[in-house]
2 protein chains.
Amino acid sequence: MFGHQLESLKEEVPRRIEALRSLMSENQIEAALILQRVDLYYFTASAQEGALYIDKNQELFFIKKYAPRAREESPLEVIEIPSLKEIPSLLPQKPKLLGLELDVVPAELFFELKQIFPQVEFKNISPLILKLRMVKSQCEIELIKEAAQIASFALDKVPHILREGMSELELAGELLRLIMPKGHQEYIRMRGFNREAHSWHVISGKSGTILSHIDAPMGGFGPSPAYPMGASLKPIGKNEVVLVDLSTCFWGYHSDQTRCFSIGKLPEPLKRGYEVCRKIANVLAKDARPGASAQWFYKRAKSIAEQEGFGDYFLGPKPYQTKFVGHGIGLEISELPFLALGHDYSIQEGMIVSIEPKMVFPDLGAVGIENTYLVSSEGLVPLTSAQEDLIEV
Amino acid sequence: MFGHQLESLKEEVPRRIEALRSLMSENQIEAALILQRVDLYYFTASAQEGALYIDKNQELFFIKKYAPRAREESPLEVIEIPSLKEIPSLLPQKPKLLGLELDVVPAELFFELKQIFPQVEFKNISPLILKLRMVKSQCEIELIKEAAQIASFALDKVPHILREGMSELELAGELLRLIMPKGHQEYIRMRGFNREAHSWHVISGKSGTILSHIDAPMGGFGPSPAYPMGASLKPIGKNEVVLVDLSTCFWGYHSDQTRCFSIGKLPEPLKRGYEVCRKIANVLAKDARPGASAQWFYKRAKSIAEQEGFGDYFLGPKPYQTKFVGHGIGLEISELPFLALGHDYSIQEGMIVSIEPKMVFPDLGAVGIENTYLVSSEGLVPLTSAQEDLIEV
């Protein structure tokens, strides 16, 4: 069922585990127990339910369910266990210090692990894992390229689908129909408590002026107050902006891309705002080089927006303007590096980032553009490719 | 934008808070801080980012983001805060014992809360919240009915969409296109760590024999090892079963429904297995009354399956057979009551449950049926309504 991609991921596994082992050693973390599905997939090539134990001498891959599939997928030897409680008795040596993903492991499970590993000190291992995941391998780049192609394919179809009076959710449904048969995973992963994400970010007209609980320039009404983000039942009208921020996922790897459309002519401020966003994205992509500070992206973007007279609308309505213009992307829809104020580490070759300059005009709506790029020595290479002109259907 | 449904939910808010307050008092929980989005929506009618503090004298609704929307949605007064750290200074009296949702709050956030509330003892409040959410109000029943109608509408269309050679993901995409414009939320909520759920559970032929990490009779290949559940790129062939387990969500409230189809004739064991599943569902729905033990459903279902000679295939392939035949459903796709072995509490009027007898035949595939029912004094009343005959297209 699963061909060459699985073979490439399998090959990566020993390298990834070895890289984590080095980081653990540098940070005096004796052993780690990895439990989150996404991280497990990264280190084992399987997303079944279990735990990966790593110390300096060995890695032990425990599976609660479903072992036959984990055996088929992972190059690691699978040890089937009925419960995490079994783990200590299966370790050759019990650690004194154990790394856990404390940013995502729930408190109750943490208490349970404290009982399973008495007298053990726990430390958060997630920062090391996320640091490692930040730089992508060739095989990861290929998977994100594929996700990006799926998104580009769908965005190029929007002008043919868009119809006055259709609801945002209807357009979202049409896009899902296009991308599912390409292998789109649909379940978009976002790390952390209360974090939810989706593919169907279709926002039209004044929907673009509604914010959400997430730190983003715009939210959208969403289908209801229960899920107050993304596409809603609002009908799409004439002469209003239709912003489609399409997240796709292939083999667990995400891509993020935004384009704007309208039925009929768009109000002039939105049109000009869109062109400034496009200019910002192009300048950043052309000028960025490995070694650039993550916050340079935000500062440069903001200064262009201000020069062009759009500072008040950039990255959200006042006083809710966000302080980031982009984010890393991979097994989670937003991950390190964050191209944001206060993030002063450097970007490196092999990272993949989305850059998304956006503007919100109160009463009018939101415009913006987004592409997903590979960081190369020559600047940022776009992986997303839908045509960038603002399309007035 | 949001009409009568929001008004009904707003009216519920004081009643729900009062009911939790009673349960807290019975269980010696002095105060509670509710943080999870789903629970916040239940108690405030808004799913913005914040916290609801409840003690015996007052409730305080703190919002980090996005306050304008929370103010529009909730009948509670909204107190805008930049960070959870502000909360203690805003409380008239600091509690000694504080309830938190420890099953879902991550360990790191728990440590932060321990610093914010020094010298406070914490207790898990989730069991009380989940107990409360188990019995539905009239307005919740109406929302689940609507979700059920959306699913029924789509399942009745399957015979017209199904085509030899289309992939499971393609059929899934067609269903999404049908249900999104009806207000389907698409983001299906499942409580707990590593729990992921989706609408698009389309499983054909031998896909039905593949299990997943979740405790369910069948999993499906999924789009890749990264998301090993649900629809895959496998083409749908002739004379094999196509099982569609469709989860829908309206205003945050879920419905769950399963139907089976085939292109051409289905192998005899699958056909008979399906009829036994249908019989089990009908017997349970007819015989159940408020007061029945949750595990009665499982035991009765299993005994019918065995009488009919299908015990070996019931609820999964050996040795992975599950021990439940249904689950409560509401703001999360599976919640109390669990119609499962070992659950000996009683079901009550006003609960909503999905009953899903399923069978897995190694080498052939999986069949089954599922409906969502309201527990009434006369037995279970189905809210899902797609026609139940096995359809050979």
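This is a predicted model: local features need pLDDT of at least 70, side-chain atom pairs count only at pLDDT 80 or more; totals for chains, interfaces and linings use all residues.

Colleague: What makes the radius of gyration of chain A agree with a compact globule?

Modeller: Set the two values side by side. A compact globule with 393 residues would come out near 21 Å, and chain A has 22 Å, so the two agree. Along its principal axes, the C-alpha trace of chain A spans about 70 × 40 × 40 Å.

Colleague: How many of the residues in chain A are buried?

Modeller: Buried ones make up 67% of the 393 residues. The word is used for a residue with under 20% relative accessible area.

Colleague: Now the pair of chains. How many residues are in contact between chain A and chain B?

Modeller: 76 residues of chain A touch 76 residues of chain B. The area buried between the chains is about 6,600 Å², with carbon and sulfur atoms giving 63% of that. Tyr187(A), Phe193(A) and Pro225(A) supply 12% of what chain A buries against chain B, more than any other three residues.

Colleague: Why is the meeting of Glu196(A) and Arg189(B) called a salt bridge?

Modeller: Check the distance. The cut-off is 4 Å between a side-chain nitrogen of Lys or Arg and a carboxyl oxygen of Asp or Glu. Glu196(A) and Arg189(B) are at 2.7 Å, N to O, so the pair qualifies. The count between the two chains is seven salt bridges.

Colleague: And which helices of chain A each supply at least two residues to the side that touches chain B?

Modeller: H2, H3, H5 and H8 of chain A do. H8(A) gives the most, with seven residues.

Terms used. Residues are numbered from 1 along each chain as its sequence is written. Chains are lettered from A and ligands numbered from 1 in the order in which they are written. Side-chain values use heavy atoms; hydrogens and water are left out. Contact means heavy atoms within 4.5 Å. Buried area is the accessible area (1.4 Å probe) that two parts lose on being put together, summed over both. Helices (H or I, at least four residues) and strands (E, at least two) are DSSP runs, numbered from the N terminus. The radius of gyration is taken over C-alpha atoms; the globule rule is 2.2 Å times the number of residues to the power 0.38. Buried means under 20% relative accessible area, exposed over 50%, partly exposed in between (1.4 Å probe, protein chains only).
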